Amino acid sequence: MDSPHVTVTVRLFSVAKDLGGFEDEVFRLLPGSKADDVMEELSRRNPQFNKWRDSIRLAVNHEYVANDHALHDGDEVAVIPPVSGG
C-alpha cells in the first residue's frame, strides 16, 4: 500500500537557514512532489524565500537537481543559496 505522503529531510544553509529558522527539518509532502515543492513550502512559511528563488540551487541526496526532479520517501533535499567568498 502506498504511503499518503513523501517524507524528506530538508537541510538549509546560509541565508536560507536564517529565513527558515531551522537547519534540518522533516517535511511531509504529497506523493508525486518535485524538488520545487520544497521551495513552495518554504515560501509559504516565509515569503522572503521568493526573492531568493531564482538564485537558490537544490540538491537531492548530494546531487544538484532541476526543480522538476521527483522526490522519493527518505530523500535529503539541500537548499543552497548563492555563496560569496574570498
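Buried means under 20% relative accessible area, exposed means over 50%, and partly exposed covers what lies in between. Keep that in mind for the views below, which come from a predicted model.

**View 1. Five strands make an open sheet.** The strands line up in the order S2-S1-S5-S3-S4, with mixed pairing. Strands S2 (24-29) and S4 (63-65) sit at the edges with a single partner strand each, so one side of each has no neighbour in the sheet. From one strand to the next, the twist averages 35 degrees.

**View 2. Strand S3 meets strand S5, and helix H2 packs on the sheet.** S3 (residues 57-60) and S5 (residues 76-80) pair in the antiparallel sense over four bridges. Look for Ala59, which stands opposite Ala78 in S5. Helix H2 (residues 35-45) touches S1 (6-12), S2, S3, S4 and S5, and its direction makes about 110 degrees with that of S2.

**View 3. Arg11 and Asp24 form a salt bridge.** Their closest N and O atoms are 2.6 Å apart. Arg11 lies in strand S1 and Asp24 in strand S2, so the pair ties together parts 13 residues apart in sequence. Arg11 is partly exposed at 24%, and Asp24 is partly exposed at 43%.

**View 4. Glu25, Glu41, Arg44 and Arg45 join up in a salt-bridge network.** Glu25 and Arg45 come to 2.6 Å at their closest N and O atoms, linking strand S2 to helix H2 across 20 residues. Arg45 has a relative accessible area of 40%, so it counts as partly exposed. Glu41 and Arg44 also meet at 2.6 Å, N to O.

Note on methods: Residues are numbered from 1 along each chain as its sequence is written. This is a predicted model: local features need pLDDT of at least 70, side-chain atom pairs count only at pLDDT 80 or more; totals for chains, interfaces and linings use all residues. Side-chain values use heavy atoms; hydrogens and water are left out. Two strands pair if DSSP finds at least two bridges between them. Helices (H or I, at least four residues) and strands (E, at least two) are DSSP runs, numbered from the N terminus. Axes are lines fitted to C-alpha atoms, for helices over the stretch in contact, and angles run from 0 to 180 degrees between N-to-C directions. Contact means heavy atoms within 4.5 Å. A salt bridge is a side-chain nitrogen of Lys or Arg within 4 Å of a carboxyl oxygen of Asp or Glu. Buried means under 20% relative accessible area, exposed over 50%, partly exposed in between (1.4 Å probe, protein chains only).
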